[in-house]
Amino acid sequence: MAQTIPAEPRFANSAEKKVYQCLVDQFVGDDLIVVGQRVTDHDKDHEIDFVVAIDGVGIVCLEVKAGEITHDGADWWQGRDDGRHRIDPVAQVLGACYALRSFVEADPRWTQGRVRWTHMVVFPHTSIAADFALPDCPRWKVIDRDQLDQFFSLLRAALIDRGSNELFIGSKGIEELQLALGGRGLPQHDVVARAQENEDSADILSEQQVMILHAASLLPRVEVRGGAGSGKTFLAMEKARRMGRDGKRVALVCYSHGLASFLRRTTDRWSRREQPAYVGEFHELGKQWGAPAGPDEGVRNAGTVRFWEHELPAVMAGLAEELPPGKRFDAIVVDEAQDFADDWWTPLLACLRDPENGGVYVFSDEGQRVFDRQGSPPVPLVPLILDANIRNTRQIAKAFTPLVGQRMRMHGGDGPAVRFISCSPHDAVEAADGQVELLIDEGWRYEDIALLTTGSRHPVQAERQAEGNVAYWDTFWDGDDIFFGHVLGFKGLERNVVVLAMNQTAAHDRSKERLYVGLSRAREQLVVCGDPAFVLEVGGPELARRLGLN
């Protein structure tokens, strides 16, 4: 049996597991099989499903695509019917292969020079015709479902038949490859590479998410409920994208500035045909119709609450009724819907071309209802439940699970333990600043880190917000510094690393929800600075235990 890294790999889907079993059954001795290798170059972050080093031959990078795979003469497609989406497996594995080769060859312990590397794609559920050929993908670059028992001969032939002057790799070269893949003792590479996410989110859809999207394509009015990290925001965007691709006029709506900024930046990268007709905040939609700007919503008093939660929605409802057909929507998609007040739903329904039967797709998490308002859609919605966390490491998800309010399965990878720094609320921000410095020393990049507060804003956040919300949220995308934010504005967003400063001096009605949001924003590393007694009071003994406080 060949060597494998890691010894007990985890797989994104059953297709990868099937391919892995075929590989370990066919490769032996000094051959090496690496599963889920991540590498970062100057252009992007890559993940290679399998790297196979064959003793005496060379190295092959494999990209696995499950389900039905087709090519229409211009693009690759994965799936069928409403679940069908465009992919580019050849470019994906080609770029990743070059990035990994460059990384290995830059390692001072690598003495092999330029050995033979190639890339191939594997479609374990699809049969490919013998005469298939593309300029960048000849038939021998593809392994289909009928060839899974021929991995050794096909990979070996692909390397030997390159007809180049590149060297064959031996057992010493494979040993050096293993050393290179283990890193060079540089903390920055270790922590960052471990944290990389696959940018093509559709490739890591869980089976449950696929089912949710399929169900939502058949039902006109749906509420998708799920805990933090279950992929609600991605599914909301994907639902809007698919309806846009089908010619529907869609509004993708949320409440917060930060989430709206993220949604706009993401959808701006889609093709023009797929982009929703409107992406942004509920109140900004009203302004487009001619509603007044209103008072500073950051000032919370009876007058501002009355305007934003009652008066403005009433004005918007009247304006929505007067919209011409070309300005109405076939469907509305609402992310973080638990943030919406009751009166906000009236103008949203009124702006539909068909208010009685138009599409309404709502994504919510009752555990993240951090604002002092209660609201729910006034129309019947079919509930669909997401119960798997796919964003956070198991260590982070396990820590905040007592706050979720529903049973969650943990599908994230392994990561470092959650750190808790005991301090008073008054010292929490200073302690958090110190932890950021330590994280930078450990190798995390500025762009990986967000420092969030639960009480008053960090001084840097206050300074940046003084320049206006647009300029402030632009700093979320700035790789030159960490992001300073507040848990109230960070719902729906995430960072590889979150340092949570629990500087709230006293518990109130929404303290538990704020804590839940703060603990669930980190993908890979979570650091909490605060008073253990506050955690016990707000989150209960089980949360305190999982954070290592008792």
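**Entry 1: the lysine**

In which helix is the place of K239? I found K239 in helix α7 (residues 232-245). Helices here are DSSP runs of H or I with at least four residues, strands are DSSP runs of E with at least two, and both are numbered from the N terminus. This is a predicted model, where local features need pLDDT of at least 70, side-chain atom pairs count only at pLDDT 80 or more, and totals for chains, interfaces and linings use all residues. Residues are numbered from 1 along each chain as its sequence is written, and side-chain values use heavy atoms, with hydrogens and water left out.

Is K239 buried or exposed? K239 counts as buried, because its relative accessibility is 7%. The scale: buried is under 20% relative accessible area, exposed is over 50%, and partly exposed lies in between (1.4 Å probe, protein chains only). I then listed the contacts of K239, leaving aside neighbours within four places in sequence: L213, A216, S217, Y361 and F363. Contact means heavy atoms within 4.5 Å.

**Entry 2: the six-strand sheet**

I traced an open sheet of six strands in the order β14-β13-β15-β16-β12-β17, with parallel pairing. Two strands pair if DSSP finds at least two bridges between them. β14 (278-281) and β17 (382-386) are the edge strands, each pairing on one side only. From one strand to the next the twist averages 15°.

I looked inside the sheet next. Strand β13 (residues 250-254) and strand β15 (residues 331-335) run parallel and are joined by four bridges. L252 stands opposite V333 in β15. Helix α8 packs on this sheet and touches β13, β14 and β15. The direction of α8 makes about 160° with that of β14. Helix α9 (residues 282-289) also packs on the sheet, touching β13 and β14, and its direction makes about 120° with that of β14. Axes are lines fitted to C-alpha atoms, for helices over the stretch in contact, and angles run from 0 to 180 degrees between N-to-C directions.

How many residues of strand β23 (residues 495-501) are buried? I counted seven of seven. Strand β21 (residues 449-453) runs parallel to β23, with five bridges between them. There, I449 stands opposite V497 of β23. β23 also pairs in the parallel sense with strand β24 (residues 522-530), over six bridges. L500 has V528 in β24 as its bridge partner.

Helix α16 (residues 511-519) is mostly covered too, with eight of its nine residues buried. Among them are E513, R514 and Y516. The buried residues of α16 pack against α12 (394-400), β22, β23, β24, α17 (532-539) and α18 (541-546).

**Entry 3: two crossing helices**

I checked how helix α2 (residues 89-105) and helix α4 (residues 171-181) pack. Their angle is about 100°, and the axes of α2 and α4 are 9 Å apart. α2 and α4 are therefore roughly perpendicular to each other. The classes: under 35 degrees is roughly parallel, over 145 roughly antiparallel, 65 to 115 roughly perpendicular, and the rest oblique. L100, F103 and V104 of α2 make the contact with L177, A180 and L181 of α4.

**Entry 4: salt bridges**

How many salt bridges does the structure hold? I got 25. A salt bridge is a side-chain nitrogen of Lys or Arg within 4 Å of a carboxyl oxygen of Asp or Glu.

R265 pairs with D474, the closest N and O atoms being 3.1 Å apart. This pair links distant parts of the chain: R265 is in α8 (residues 257-267), D474 is in helix α15 (residues 469-474), and they are 209 residues apart. R265 is partly exposed at 34%, and D474 is partly exposed at 37%.

R464 and D481 meet at 2.6 Å, N to O. R464 is buried at 16%, whereas D481 is partly exposed at 26%. E223 and R225 form another salt bridge, at 3.3 Å. I also noted a network of salt bridges linking E238, R241, R242 and E274.

**Entry 5: confidence**

The chain has a mean pLDDT of 87, and 92% of its residues reach 70 or more. pLDDT is the predictor's confidence in each residue, from 0 to 100. Confidence is lowest in helix α5 (residues 187-195), at a mean of 46, and highest in strand β11 (residues 142-144), at 97. I flagged residues 192-205, where the pLDDT is below 50.
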